[in-house]
Amino acid sequence: MDPSEVEFLAEKELVKIIPNFSLDKIFLIGGDLGPFNPGLSVDVPLWLALNLKQRQKCRILPPDWMDVEKLEEMRALERKEDAFTPVPSLYYMEITKLLLNHASDNIPKADEIRTLVKDIWDTRIAKLRLSADSFINQQEAHAQLDNLTLMEINTTREFLLDSLNFMFKLRSNLQPGSSKGQLTDY
Amino acid sequence: MSTQSYFPVPPGVGMEENFLSLDDILLSHERLPVRTECSFPRLGFLERSSDAHDIPEGTKMELPLWLSKGLYERKRKVLSVDLPKVYKEGWRTVFTADPCVVDLHKMGPYYYGLGSQILHFDSPENSDIAQALLQTFIGRFRRTMDSSQNAYNEDTSALVERLDSLEKALFRSGQNGLNSFQSWEKGQASQLTASSLVLNYRKRKLADVQT
């Protein structure tokens with residue numbers, strides 16, 4: 001899976017915007033949106049919010065968790081715990097990137113938020129690598145991926161699957177006779 | 001989006017081989033020390049060290065893996081296969097002591113592949129070899145993972161030079177994940193680029209004109 005596909009999925013997440021135009025309810029396959037009234041906040045998917053923002057038709061309200069204090073707390077917790085801590089949104093990385101790139105003027109302390117989210121991401125990736133290593137080391141058969149987000153799984157998926165495949169083959173060498181039948185008709 | 005105009009067949013690893021995998025074809029040319037258990041008449045030209053017409057019983061020579069696999073039979077002893085020195089007891093202890101310090105590229109470069117293929121020839125040490133292969137891989141896993149997921153935008157030749165060919169493939173897939181994430185983060189993923197198919201198509205056309 002490509003990161004841009006993950007980003008595409010993330011664009012379905014709802015964000016609050018304050019439009020500066022008025023429009024009746026619009027009916028889309030994904031659901032009804034609106035009605036839009038100037039000054040009244042309304043939930044729309046991220047893709048629409050960004051589109052309206054680029055045409056300067058709205059102001060985006062950052063999600064609750066996108067706040068320096070809350071993120072600092074999360075970072076501290078993430079560093080303290082050995083396991084993965086619950087994330088505020090399954091697409092926190094993608095949403096942060098999209099919002100900060102396209103609507104950084106609507107988000108207070110954008111730079112600090114960018115650093116904090118990146119810190120949380122790095123801590124989680126380091127943990128993911130650590131757990132992948134112990135997974136391989138102890139030759140476990142299954143692992144729990146609680147609280148991991150799609151983007152995080154996606155960065156390591158190809159590598160981890162290839163190594164597990166490889167390790168499985170080496171392990172099947174251990175049982176003699178398991179695949180020896182193929183030699184006789186060589 | 002990653003577009004490749006050519007998808008190579010991956011190596012089979014383990015006991016089986018993939019017929020169309022280039023890596024497995026190269027692997028089948030690795031030489032194994034063998035000892036003949038019966039005489040091979042008129043095949044003296046294979047053994048360059050003597051001018052004899054036949055290969056007598058008990059000659060020690062090196063044969064490629066594909067030939068030894070074909071000639072080897074459990075019931076009728078045609079030849080017995082000796083272990084290459086990397087899979088012998090002495091080296092196995094080195095691998096178990098610290099798998100990270102060994103230069104598998106120099107030892108192999110098909111250390112895992114050849115090691116698994118050797119299990120075809122019934123040797124009393126088979127289970128030890130299989131165990132050593134697995135433990136070597138597990139011991140080296142962390143290093144392969146860390147180097148492949150951290151080396152961004154730098155020369156990786158120093159990192160891969162000591163890796164086995166299979167570990168190199170792993171390294172590449174790790175780099176793939178890292179690079180595609182980084183290019184997304186920098187915003188390059190949203191730029192449109194020409195498909196590699198189109199680029200190759202143009203190249204081919206030019207070649208047609210020249211001939």
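A: Start with Asp32(A), which touches Lys25(A), Ile26(A) and Phe27(A), leaving out residues up to four places away in sequence. Contact here means heavy atoms within 4.5 Å. This is a predicted model: local features need pLDDT of at least 70, side-chain atom pairs count only at pLDDT 80 or more, and totals for chains, interfaces and linings use all residues. Residues are numbered from 1 along each chain as its sequence is written, chains are lettered from A and ligands numbered from 1 in the order in which they are written, and side-chain values use heavy atoms, without hydrogens and water.

Asp32(A) sits in strand 3 (residues 31-33) of chain A. Helices (H or I, at least four residues) and strands (E, at least two) are DSSP runs, numbered from the N terminus. Asp32(A) counts as partly exposed because its relative accessibility is 43%. Buried means under 20% relative accessible area, exposed over 50%, and partly exposed in between (1.4 Å probe, protein chains only). The C-alpha atoms of Asp32(A) and Val44(A) are 9.4 Å apart, with the two residues twelve places apart along the chain.

Now the sheet. Three strands of chain A form an open, antiparallel sheet in the order 4-1-5. Its edge strands are strand 4 (42-45) and strand 5 (58-61) of chain A, each pairing on one side only. Two strands pair if DSSP finds at least two bridges between them. Strand 1 (residues 14-19) of chain A is joined to strand 5 of chain A by four bridges. Lys16(A) has Leu61(A), in strand 5 of chain A, as its bridge partner.
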